[in-house]
Amino acid sequence: MQSQIKIEIKMKKIAVFYGSTTGTTETVAGMVAEQLGVASADVFDVSKLDADLVSGYDVLVLGTSTWGDGELQDDWYDGLRTLQQMDLSGKTVALFGCGDSESYSDTFCDGVGHLYDGLKGSGCTFVGAVDTSDYTYDSSFAEVDGKFVGLAIDEMNESDKTSARVEAWAQAVKAQI
C-alpha cells in the first residue's frame with residue numbers, strides 16, 4: 001500500500017501599518033500591499049494599531065515617513081510604544097519608509113531606523129533589508145551594516161524609481177517570509 005503524505009501550507013497572514021501625514025506614505029503602503037498580495041482590509045493607519053489587532057497577524061509590514069531632524073511620523077510614537085509592550089516572538093517584521101534625500105540628506109529615512117531600533121529587542125525577525133548603492137544621501141539612521149533595514153522611498157526626488165523599488169522589495173520580502 002502506498003501512503004500519501006499530506007502537506008499543509010499555512011499562508012502567513014500579513015498586515016500593513018503605515019503612518020502618513022501628507023498621504024505619501026499611505027500611497028506607498030497601498031503599493032506595498034498590492035505587491036505583497038495584502039487585501040485592503042489588512043492595511044491600517046497606525047493610529048488603529050493595538051495589541052489585539054497585531055496578534056491576528058504573522059507578518060507586520062510597518063511604514064513611516066521621516067520628519068524634522070529624522071523623527072518618526074507623529075502617529076508612530078503611540079504605535080511603537082504598543083508594539084514595544086508586546087512579545088513579538090514568532091512575528092516577522094518588514095519596514096519601509098519615505099524620506100527626502102536631497103533636502104534632508106543627513107537624516108534620509110531615519111524614521112525607518114527608529115522603528116527598527118525600537119523593535120530590535122522585541123523578539124521579532126526582520127526581513128527586507130535593502131542595498132544602499134542605488135541611493136544618494138549623506139547619512140541615515142536606517143542604515144545598518146551597509147544596508148537599509150527596510151525599503152527607502154524618495155517620492156520627492158526619485159519618484160520614477162518608486163514602482164520598481166517597491167516591486168523588487170516585495171519580491172524579496174515574499175521570498176523571506
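Buried means under 20% relative accessible area, exposed over 50%, and partly exposed in between (1.4 Å probe, protein chains only). This is a predicted model: local features need pLDDT of at least 70, side-chain atom pairs count only at pLDDT 80 or more, and totals for chains, interfaces and linings use all residues. Residues are numbered from 1 along each chain as its sequence is written, and side-chain values use heavy atoms, with hydrogens and water left out.

**Exercise 1. Find the surroundings of Gly19.**

Step 1. Gly19 belongs to strand S1.
Step 2. With a relative accessible area of 0%, Gly19 is buried.
Step 3. Set aside neighbours within four places in sequence. Gly19 then has contacts with Thr25, Val46, Gly63, Thr64, Ser65, Gln73 and Trp76.
Step 4. Asp74 lies 55 residues away from Gly19 in sequence and 7.6 Å away in space, C-alpha to C-alpha.

**Exercise 2. Which residues of H3 are buried, and where do they point?**

Step 1. Trp76, Gly79, Leu80 and Leu83 are the buried residues of H3.
Step 2. They cover an arc (taken from the directions from the helix axis to the C-beta atoms) of only 95°, so they lie on the same side of H3.
Step 3. These buried residues pack against strand S1 (14-19), helix H2 (51-55), strand S3 (59-67), strand S4 (71-72) and H4.

**Exercise 3. Describe how H3 meets H4.**

Step 1. The axes of H3 (residues 76-84) and H4 come within 10 Å and cross at roughly 25°. Axes are lines fitted to C-alpha atoms, for helices over the stretch in contact, and angles run from 0 to 180 degrees between N-to-C directions.
Step 2. Angles under 35 degrees count as roughly parallel, over 145 as roughly antiparallel, 65 to 115 as roughly perpendicular and the rest as oblique. H3 and H4 are therefore roughly parallel.
Step 3. From H3, Trp76, Leu80, Leu83 and Gln84 meet His114, Leu115, Gly118 and Leu119 of H4.
Step 4. Sorted by class, this contact of H3 with H4 has 5 nonpolar, 3 polar and no charged residues. Ala, Val, Leu, Ile, Met, Phe, Trp, Tyr, Cys and Pro count as nonpolar, Asp, Glu, Lys and Arg as charged, and the others, Gly among them, as polar.

**Exercise 4. Classify the crossing of H1 and H5.**

Step 1. The axes of H1 (residues 24-36) and H5 (residues 162-176) come within 9 Å and cross at roughly 45°.
Step 2. H1 is therefore oblique to H5.

Note on methods. Helix = DSSP H or I, 4+ residues; strand = E, 2+ residues; numbered from the N terminus. Contact = heavy atoms within 4.5 Å.
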